[in-house]
Amino acid sequence: MNLNCCLKTVAIVLLMIFIVGDASRAQVLTPVSKKDKIFIDYEFSKKKFYEQEGTFITLWLYSVNPDIAFANEAEPPSLNKGKFAYASKVQDMRQPKKERVKGVDYYAYPLSTYLVTMKEPGKFRLQNGSYEVGINVPVVYQDQMWGEQRGFETRSFRISLPSSEFRVKELPVVEGTGNFSGAVGNFEIVTSIPEGNIILNEPSTVIITVRGNGLIGNDILPEYREAFGNGTKLRSVSENSRMFFDGKDVVSELELECEFIPTDKEHCEIGIVSLGYFNPETEKYETARSEPVRVSVKSLSVERSVHDI
């Protein structure tokens with residue numbers, strides 16, 4: 001075999017590789033029809049929920065073909081009126097699943113999960129919006145050199161989101177003056193003092209933690225000031241908060257780091273810290289309260305003896 005023949009053979013092989021590779025990467029814009037059996041649907045954690053109550057909305061992609069190449073939001077959905085008081089995408093750890101819909105077996109994939117709240121009661125509807133979804137579809141094509149060949153092409157579908165209605169319930173009227181903080185959920189409060197000697201008239205720190213299922217807004221704080229005064233003097237407070245999705249509900253945690261001065265060696269206590277909230281499960285206003293914490297205070301001479309050693 002001479003050099004020219006070898007070069008021709010190599011060129012043919014490279015051309016064949018290019019054709020096969022190009023077929024596997026091709027994207028064909030395809031209109032969605034009933035035979036494609038692909039659609040997107042909403043899943044609400046609650047279709048009826050209260051004002052300021054956190055609710056999850058998940059978009060699921062259903063397809064009879066499990067080989068999904070991509071799914072990109074083309075146009076976000078919108079409300080028919082008003083707007084969300086809070087809306088944020090959360091990390092959803094749920095896995096794809098199989099589900100039978102109207103006698104057809106589908107593969108279902110979670111696209112996005114949002115945590116939302118509404119500030120006004122009423123009936124609302126999610127509408128409009130679309131996704132561009134790519135599905136790898138097996139194809140058979142004729143190759144000039146090798147005849148019938150098998151590969152795949154990525155067909156791109158523009159899928160419109162369905163309309164979906166939900167209802168927001170009005171919070172009950174607070175009786176009397178009340179102590180409702182604005183938080184909706186179910187919470188508890190714990191007061192803890194870091195390890196180490198607490199010295200009379202020297203700055204020390206106590207941690208107050210509010211934790212529970214539900215949203216704690218940026219402007220919501222527990223009643224903590226009255227907890228100081230019995231042998232203590234509050235100097236400063238710093239806040240640290242976080243929120244995460246545990247797979248079923250939103251978990252909020254608010255931590256207050258309070259610097260205080262112990263002013264009484266014999267009678268020093270961090271009193272009760274409280275938070276008034278609305279519990280959507282019991283449909284009642286409730287109050288979370290911490291337990292008072294006795295503080296063991298040492299004299300300044302103890303601290304000095306430690307330094308002398």
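**Exercise 1.** Determine how many bridges join β17 to strand β18 and how the two strands run.

*Solution.* Strand β17 is joined to β18 (residues 250-262) by 13 bridges, and the two run antiparallel. Strands here are DSSP runs (E, at least two residues), numbered from the N terminus, and two strands pair if DSSP finds at least two bridges between them. Within this pairing, arginine 242 stands opposite glutamate 253 in β18. The model is predicted: local features need pLDDT of at least 70, side-chain atom pairs count only at pLDDT 80 or more, and totals for chains, interfaces and linings use all residues. Residues are numbered from 1 along each chain as its sequence is written, and side-chain values use heavy atoms, leaving out hydrogens and water.

**Exercise 2.** State the strand order of the open sheet of six strands and identify its edge strands.

*Solution.* The order is β17-β18-β16-β14-β20-β21, and the pairing is mixed. The edge strands, each pairing on one side only, are β17 (232-245) and β21 (284-289).

**Exercise 3.** Find which residues touch the most other members of the largest nonpolar core, and which element gives this core its largest share.

*Solution.* A nonpolar core is a set of buried Ala, Val, Leu, Ile, Met, Phe, Trp, Tyr and Cys residues joined through side-chain atoms within 4.5 Å; buried means under 20% relative accessible area (1.4 Å probe, protein chains only). This core has 25 residues, and Phe187, Ile189, Ile208, Val210, Phe228 and Ile270 touch the most other members. Two or more residues come from each of β14 (180-192), β16 (204-215), β18 and β20 (274-279). Strand β18 gives the largest share, four residues. A second, separate core of 23 residues includes Phe49, Ile57, Ile159 and Leu161.

Conventions
Buried < 20%, exposed > 50% of the residue type's maximum accessible area, 1.4 Å probe, protein only.
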